[in-house]
Amino acid sequence: MELLCIDFLNSDWRDWRGSGRREDRLLKPEWWERFCEQWGLEAQYPPDADTLSALQNLRAHMRAVVEAVAAERPPERKDLDALNRALEHALSHPRLAVTADGFRLEQVVFAKGWPDVIGRIAESFARLLAEEDLRRLKICDNDDCRWVFFDESRNRVRRWCDDKMCGNLLKVRRFRERQKAKGTSV
Ligand SMILES: [Zn+2]
């Protein structure tokens, strides 16, 4: 399941190979272009300094909530407060539309732009927390990677991000660690 909020969370990219390299994709125009197009958002790039720091702060608070959920801890008050403040930016309201076989709720946006983008990100995340099975919200087991994903496997057995190389690297590393442990214990 692709989700706006998870896509946004992963804009804080870390090199899963373990080089320690990190890249903030919020600073990359091509990342924003793809992001806005995929999620139907409209905002003038680049964001000003205040907006950029609001986005980075929101992402840090969201990450803290995901870390808490993944560790089965309650999230911290300050992270929830920040999320609720961002939700106040959501300048939209639902509208009821008739379809061939019933009704559909549509979201009508008052104003496009950065406040709407922030509100939509926060809303996507709030809905995920409130409405989805949180046992499926996970962080890649590779400590160098920490990619956030939603595990849709039937028995919720996924432990790594989509990048097969990342999971393989970790398997090899753990195998070697086990071999080494065996070696020293003999
Ligand atoms: Zn990974």
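**Helix 5 and its surroundings**

Modeller: Helix 5 is 18 residues long and reaches 25 Å from its first C-alpha to its last, close to the 26 Å expected at 1.5 Å a residue. The model is a predicted one. The mean pLDDT of the chain is 91, and 98% of the residues reach 70 or more. Confidence is highest in helix 1 (residues 4–9), at 98, and lowest in helix 6 (residues 164–185), at a mean of 81.

The buried residues of helix 5 are Trp114, Val117, Ile118, Arg120, Ile121, Ala122, Phe125 and Leu128. An α-helix has 3.6 residues a turn, so residues three or four places apart point the same way. The partners against which the buried residues of helix 5 pack are helix 1, helix 3, helix 4 and strand 5 (137–139).

Next, the core. The largest nonpolar core has 30 residues, and those touching the most other members are Cys5, Leu58, Met62, Ile118, Ile121 and Cys140. At least two residues of this core come from each of helix 1, helix 3, helix 4, helix 5, strand 6 (148–150) and helix 6. Helix 5 gives the largest share, seven residues. In soluble globular proteins, nonpolar side chains tend to be buried together.

With neighbours within four places in sequence left aside, leucine 58 is in contact with Ala82, Ala86, Ile118, Ile121 and Ala122. Of these, Ile118, Ile121 and Ala122 are among the buried residues of helix 5, while Ala82 and Ala86 are among the buried residues of helix 4.

Helix 4 (residues 77–87) has Ala82, Leu83 and Ala86 as its buried residues. These residues lie on the same side of helix 4, because they cover an arc of only 100 degrees around the axis. On the face turned away from that buried side are the exposed residues Arg77, Asp81 and Asn84. The cover over the buried residues of helix 4 includes helix 3 (49–70) and helix 5 (114–131).

Strand 3 (residues 92–99) pairs with strand 4 in the antiparallel sense, over eight bridges.

A few backbone details deserve a check. Most residues other than glycine have a negative phi, and most peptide bonds are trans. The peptide bond from tyrosine 45 to proline 46 is cis, with omega near 0 degrees; proline 46 sits in the loop between helix 2 (29–39) and helix 3. Glutamate 72, in the loop between helix 3 and helix 4, has a positive phi, near 55 degrees. Glutamate 72 counts as exposed because it has 8 C-beta neighbours inside 10 Å. Arginine 156 also has a positive phi, of about 55 degrees, although it is not a glycine. The position of arginine 156 is in the loop between strand 6 and helix 6, and with 12 other C-beta atoms within 10 Å it is exposed.

Aspartate 7 is a residue of helix 1. Aspartate 7 has 17 C-beta neighbours inside 10 Å and so counts as partly exposed. Neighbours within four places in sequence aside, aspartate 7 is in contact with Glu2 and Phe35. Between aspartate 7 and alanine 111 there are 23 Å in space, C-alpha to C-alpha, and 104 residues in sequence.

For the chain as a whole, the secondary structure comes to six helices and six strands, in the order α-β-β-α-α-α-β-β-α-β-β-α from the N terminus on. The C-alpha trace spans about 70 × 45 × 35 Å along its principal axes. Of the 186 residues in the chain, 20% are buried. Among contacts between residues at least 6 apart in sequence, 56% join residues at least 24 apart.

Terms used:
Residues are numbered from 1 along each chain as its sequence is written. This is a predicted model: local features need pLDDT of at least 70, side-chain atom pairs count only at pLDDT 80 or more; totals for chains, interfaces and linings use all residues. Helices (H or I, at least four residues) and strands (E, at least two) are DSSP runs, numbered from the N terminus. The arc is that of the directions from the helix axis to the C-beta atoms. Two residues are in contact if their C-beta atoms, placed from the backbone, lie within 7 Å. pLDDT is the predictor's confidence in each residue, from 0 to 100. Two strands pair if DSSP finds at least two bridges between them. A nonpolar core is a set of buried Ala, Val, Leu, Ile, Met, Phe, Trp, Tyr and Cys residues joined through C-beta atoms within 7 Å. The expected span of a helix is 1.5 Å times one less than its number of residues.
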